[in-house]
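I opened my notebook today to look up a protein, starting with the whole chain and then turning to a couple of residues.

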Amino acid sequence: AVAILAQEYQLACCVSTAAMGEEVGSQVEVKLFGKWAYDDVSVSDLSLVDYIACKPEHAVFLPHSAGRWQKKRFRKSLCPIVERLVCSLMMHGRNTGKKVKAVRIVMHTMEIVHLLTDKNPIQVLVDAVKNGAPREDSTRIGKGGTVRRQAVDVSPLRRVNQALFFICTGARNSAFRNIKSIAECLADEIMNCAKESSNSFAIKKKDEIERVAKANR
């Protein structure tokens, strides 16, 4: 507990120092939690470039902007991707609204991902979101009282939404009644999803949905 408090105090110092630097006019690079830069993060899937906000213009120190991202259609695509992950974690009644707790979990997750992969954890998260959602799904088409399934393409925004939902759901399920913490489970899920491992809950769901859609073409 003392180590966590020390970490959070260090983070607060980083953010306040950066803010002071901006006030006096010196150029300060915005890094997530004062550690990870956004400059070298890229989205390899062209269709998702406009929907995964990870460029320097979306850079934040803390994924807690208190922005009104749900007020207008498609506005949430401009919300930093790490903040969207934080918001997806706050599910199941008892966790609703506990954003500071979710931010702390994501901070520990990023540390674990960096230690295990030696890469920028923002890039690993972006790769996981790119891989974690189905590209084809099936919808219900009603015709003359009979209902059948029809395969359809999935829009880029829904792909990002579903990927984040699957990643958080997989982490939450594996952390429940487990000795591993939610941060460790989330880190495992993100890393497995980024390398398209079949151990990932998100990859399993994606394959299942795409298999059903293929059968309904």
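**Entry 1: the whole protein.** I noted that this is a predicted model. I looked up the secondary structure and found seven helices and four strands. Along the sequence I read their order as α-β-β-α-α-α-β-β-α-α-α. Next I checked burial: of the 217 residues, 42% are buried. The accessible surface came out at about 12,400 Å², and carbon and sulfur atoms hold 54% of that. I also looked at contacts between residues at least 6 apart in sequence, and 62% of them join residues at least 24 apart.

**Entry 2: Ser 77.** Where does Ser 77 sit? I found Ser 77 in the loop between strand 2 (36-37) and helix 2 (81-89). Is Ser 77 buried or exposed? Its relative accessibility is 8%, so I wrote it down as buried, the cut-off being under 20%. A polar atom of its side chain lies 2.7 Å from the backbone oxygen of Phe 74. Setting aside neighbours within four places in sequence, I listed Asp 50, Tyr 51, Ala 53 and Leu 157 as contacts of Ser 77.

**Entry 3: Ser 174.** I placed Ser 174 in helix 5, which covers residues 156-175. Ser 174 has a relative accessible area of 32%, so I marked it as partly exposed. Its side chain reaches the backbone oxygen of Ala 171 at 3.1 Å. Finally, I looked up Asp 188, which is 14 residues from Ser 174 in sequence, with 9.8 Å between their C-alpha atoms.

Methods
Residues numbered from 1 in each chain as written. Predicted model: local features only at pLDDT ≥ 70, side-chain atom pairs only at ≥ 80, totals over all residues. Heavy atoms only, no water. Helix = DSSP H or I, 4+ residues; strand = E, 2+ residues; numbered from the N terminus. Buried < 20%, exposed > 50% of the residue type's maximum accessible area, 1.4 Å probe, protein only. Contact = heavy atoms within 4.5 Å. Areas by Shrake-Rupley, 256 points an atom, 1.4 Å probe, with all protein chains shown as cover. Polar contact = N/O pair within 3.5 Å; in protein donor to acceptor, adjacent residues only side chain to side chain.
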